[in-house]
Amino acid sequence: MTERVRIRVDDVEYEVDAGRTVLQALDDCGALFPERDGKRPEQTDALIPHYCWHPKLSIDGSCRLCQVEVRAGADAPPKLAIACNTPVSEGLVVDTKSETVAAARQGVMELLLINHPLDCPICDQAGECKLQDYAYTHGVDHARTREPRRKAKKRVDLGPTIVFDQERCILCRRCVRFCREVTGTGELGVFDRGDRSVLETFPDEPLDNAYSMNVADICPVGALTTKDFRFKMRVWFLEDVDGICTGCSRGCNVHIGVAKNAVQRYLPRRNDAVNGTWMCDDGRLSYHEIAREDRLTTCLVREQAIGEDSPQLRPASLDEAVAAVAARLRPLLDAKGPGVIAGIASAHASNEDLRAFKTFLDVLDVDTIGLAVARGDSDDLLVEAEKGANGAGARAVGFGALAPVADRIRGGGIEALIVLGHDLFADGSLDARALAGLDTVVAFDTHRSPVERVAHVVFPVRHAAEKDASYTNSAGIVQPVQRAVVPGPEVRDEGDFLQRIGAALGLAGFETETETEAESKAGDGAE
Amino acid sequence: MIGETLRARIDAEIARFPVKRGGLLGALHIVQEGQGCVSLAASKELAAIFDVFPVEVIELVRFYNFFHESPRGRHQVYVCTNLPCALRGANVLLKGLEQHLGVGVGETTADGRVHLGREECLGACANAPMIRVGGVYHEDLDLAGACAVLDALE
């Protein structure tokens, strides 16, 4: 067990692990703004401004902004110490508010701003810029220099994801350390020296790795910006909603930036048990799928048999689609019983919808159930092989391997299939041909997919960013998400559709009025 | 390519330090002396030898004035233009040498014989003005004397 020591920062006492530095210890206590990942400082936060220090990177000590007064008993060093690199010790007293500290911060801010272009009006970081914030809270309100500011390169194309502004860079080297310590790719370095120092890549080699866009998050100023979000939106127009990335079973926590009822960006949200402070580029860009052209917006039904020249699915109303499912399943149930029906869940569905699906199948007495999930590349950092946010949740509800279900389908024992998601063909055990002979295929999906080719009825369901729900990640952590955007009126939860289908089939416990209707009657659906 | 001879010298340099990368600065000198410059290709090779990222080698090369990434002529001629030399006519001397060689500061003669540069104090103030040719000081110079020094180079 690590030894604990007591330190006092201003008026607050903390008990912290020995061997940590002041900033690390405060961060361990969840008391350090903004590393706590809150948007606004709380009364209980220790306010020690810093640029170069980052909780998940090595200590650099280069920005000098976190200087504080420290003393331990009678032993007080004659000058300020940087909080990021000052070890805690029993009885250590830290003063972050003295005049000396304020003067030191002012001095640091003045030096950092000497060559800064002050182009905040056209800078994408404005509004979430630490240079802006700290200039306001700790800086001086005028410049004493008359010399021209340093000219350097603007709009440097660092690689496929990032644009760099050399003039805005304050050389904190967070991005340099990120590429060396986290991704191990080491693309970035600081070349030359003194006031000519510039951040660069190895000549003619791009910043290109699977996590490259994190450098824009950790950049405290507007030097590194992502091509994806650059000039898209002033950040103060964004509403911040807690969500998760649904790209893989890691379930990285994200800040969903919302404006105009559309997701404008994902930023990683700190969760040390899941993703730390990072997320992969693929996941970060996956929000584009929410409003992609191939999103399903209405129910679809197919009236003629599936064949070589079978007609396309046509849009249908909700009632029509529900009736179509009942008209297909009811005779089948009456003639052959639930044994000829199979249910396949998806790792894209929420825990709530998976439970609703399981209940629906249980009431029907269907026991041929499984989970279809896509697999892909993984890495040692965050990316998991299972490409779906809720595989663990589906297994916990009772959906097991796909193979037995696939065997029964190929063996001809199944005549109707109810399937969530679009990963049905992902592992290759089933394909469109294997399903072509089925009497009925009912699909629930967010997007158009190859499953449609064999489906008779398709229901458009919500994306994780469109609902209040929960997802269970690969480590078994149940993560709640909040609705960030409101989908089209016909796009609903799987559970909602299943309620209606159950009612249409006359199943016990299924009523016609659903929560969604009750919600809209209460006037809550109007937002 | 860093050949066997240079590699042996680099290994000897590494052996002088408790940690491997301590020898990197020395290795840069060895490579520049042997190859006339520290090329990007050589930086990559050194990165592999020292188990560092290639950008870390470039960081070192570009931090110091005395490393260069492309060849600079057979003879490196630097004129001190710091205060004592400047007071004794170093800038006039530098202009004269530019004319004599037909190149500007920071350039190399077309035949690749001489690279001309300026430098900060080399500690020979008592005998200003002075130039450095490679590792050799030539002091108490006037333009004619300096030209004679340069003309005598191969």
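Which side chain meets Asp496(A) in a salt bridge? Select Asp496(A) and Arg500(A): their side chains form that bridge, at 2.9 Å from N to O. A salt bridge here is a side-chain nitrogen of Lys or Arg within 4 Å of a carboxyl oxygen of Asp or Glu.

This is a predicted model, in which local features need pLDDT of at least 70 and side-chain atom pairs count only at pLDDT 80 or more, while totals for chains, interfaces and linings use all residues. Residues are numbered from 1 along each chain as its sequence is written, chains are lettered from A and ligands numbered from 1 in the order in which they are written, and side-chain values use heavy atoms, with hydrogens and water left out.

Now show helix 12 of chain A, residues 494-504. Helices are DSSP runs (H or I, at least four residues), numbered from the N terminus. Asp496(A) and Arg500(A) both lie in helix 12, four residues apart, about one turn of the helix. Asp496(A) is buried at 5% relative accessible area, and Arg500(A) is buried at 9%. Buried means under 20% relative accessible area, exposed over 50%, and partly exposed in between (1.4 Å probe, protein chains only).

Next, select Asp60(A), Arg173(A), Arg177(A), Arg180(A), Arg21(B), Glu56(B) and Glu59(B), which salt bridges with shared partners join into one network.

Move to Asp165(A) and Arg168(A), a salt bridge with its closest N and O atoms 3.4 Å apart. Asp165(A) is buried at 6%, and Arg168(A) is buried at 7%.

Last, select Glu320(A) and Arg314(A), whose side chains form a salt bridge at 2.8 Å, N to O. Glu320(A) is partly exposed at 34%, as is Arg314(A) at 29%.

Over all chains, the count comes to 52 salt bridges.

Notes
Helix = DSSP H or I, 4+ residues; strand = E, 2+ residues; numbered from the N terminus.
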